[in-house]
Amino acid sequence: MALVTADAAPRPDTLAPPPAREGARPEHLVDKLTWRLAIANLVAQIGIIVTGGAVRLTGSGLGCSEWPLCEPGQFTPVFHEATSYHPFIEFGNRTLTGVLVVIAGALLLALYLREPVRSRPKVFRYLAWAVVAGIAIQALVGGFSVWWDLHPAIVGGHMYISLGLVATSAYLVARLRQEDGPAAAPTQPLRTLVWATVAVAAVLSVLGVITTGTGPHSGDENAPYRFALDPVAITRAHSLSVWVFVALLLACIFFTLRSTVTWKVWLPTLTVTLLQGVVGYVQYFNGLPILLVGIHMLLAALFVAALTFSVTALHPRVLPSTRSGAHAQGDSAAEPAPLPRP
């Protein structure tokens, strides 16, 4: 539905293109190849969290005793009668890092060379460079984790960087679908609630990694270093932070119902949060089985991506030269106010 000024009807050439379907690629904003590379980058960033979790949960963290080589003088695992599966799981995770570099590099080139994205703001190139830099830092931290025999603080830092890369990659995907005008900020108190929700999400993610660092899955049976914390107490603190997040999320949904943005922007976050909560409690009361812990790590990555999508969608962008209301009213029947003249 187009919004018009009070004294003039919009000309056809001033109308913004219709908003893209949910999950669709807006052709006037991003070409097919760049879009696919952005999606592939996000999927790969989530995927390496899953494979990294597999390394940890199978005790393969020191399957390769050296870094960047796997064994002294050998880049790949050496097969012999005494060889276990651990070196191959660890080396497979390292190989995926190379795949990440290829995808991120191709995405960076596409953002510089392909239209229409090359003519869009520099923020897209900055985000792609941040992904490339993050992958490089991540690889170095992986080396330190091997050199320091899987110290839980370094392994935890490994996870934090991965979650940051997921958030950056998800934001890049979300922004590629948006126009390039200034972002519309939510009104109070929704704006404050969103900031509080994001802050609590960061806290619960940190507590989740610390909780894992006090648990039984150290990454290698010969390097069982753990944080010197009470696992029950840290688990309860993590659980409490999740409940605080849920309360803030429900408050955000309530106040979004009263805004011009549909409440459904929060649906991905709400869905993943509920799934994550169920898996978290089930794994806790069943002695932290490996499969459920792995699913919990996958959902942690999806949680960060979903929250990034939700918050970005809550800040719609409209080109200053348009008169188009690209976002629905939500569940309210009230008409939004007309946009001012640019």
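A charge sits over a ring if NZ of Lys or CZ of Arg is within 6 Å of the ring centre and within 35 degrees of the ring normal. I started my notebook with that rule, and I kept in mind that this is a predicted model.

**Entry 1: a charge and a ring**

I looked up Arg-125 with the rule in hand. Its charged end sits over the ring of Tyr-112, 5.8 Å from the ring centre.

**Entry 2: aromatic pairs**

Next I went through the rings. How many aromatic pairs does a search of the whole structure find? The search gives five. I wrote down Phe-144 and Trp-147 as an edge-to-face pair, with 5.3 Å from centre to centre and 80° between the planes.

Where do Phe-144 and Trp-147 lie relative to each other in helix H3? They are three residues apart in H3 (residues 123-147), so about one helical turn separates them. I also checked their accessibility: Phe-144 is partly exposed at 36% relative accessible area, and Trp-147 is partly exposed at 42%.

The pair Tyr-281 and Phe-285 came next. I found their ring centres 6.4 Å apart and their planes at 15°, which makes the pair stacked. Both residues belong to helix H7 (residues 267-285), and because they are four residues apart there, about one helical turn lies between them. Tyr-281 is partly exposed, with 37% relative accessibility. Is Phe-285 buried or exposed? I noted Phe-285 as exposed, at 63% relative accessible area.

**Entry 3: helix H1 and its ends**

At the start of H1, I saw a side-chain oxygen of Asp-31 reach to within 3.2 Å of the backbone nitrogen of Leu-33. After H1 comes Gly-59, with a positive phi near 70°.

**Entry 4: Phe-75**

My last stop was Phe-75, in the loop between H1 and helix H2 (86-113). Phe-75 is exposed, with 52% relative accessible area. Which residues does Phe-75 touch, leaving out those up to four places away in sequence? I listed Pro-68, Leu-69, Cys-70 and Phe-91. Phe-91 is 16 residues from Phe-75 in sequence, and their C-alpha atoms are 9.2 Å apart in space.

Terms used
Residues are numbered from 1 along each chain as its sequence is written. Side-chain values use heavy atoms; hydrogens and water are left out. Rings of Phe, Tyr and Trp (its six-membered ring) pair if their centres lie within 6.5 Å; planes under 30 degrees apart count as stacked, over 60 as edge-to-face and the rest as tilted. Helices (H or I, at least four residues) and strands (E, at least two) are DSSP runs, numbered from the N terminus. Buried means under 20% relative accessible area, exposed over 50%, partly exposed in between (1.4 Å probe, protein chains only). A polar contact is a pair of N or O atoms within 3.5 Å; within protein, one must be able to donate a hydrogen and the other to accept it, and residues adjacent in sequence count only if both atoms are side-chain atoms. Contact means heavy atoms within 4.5 Å.
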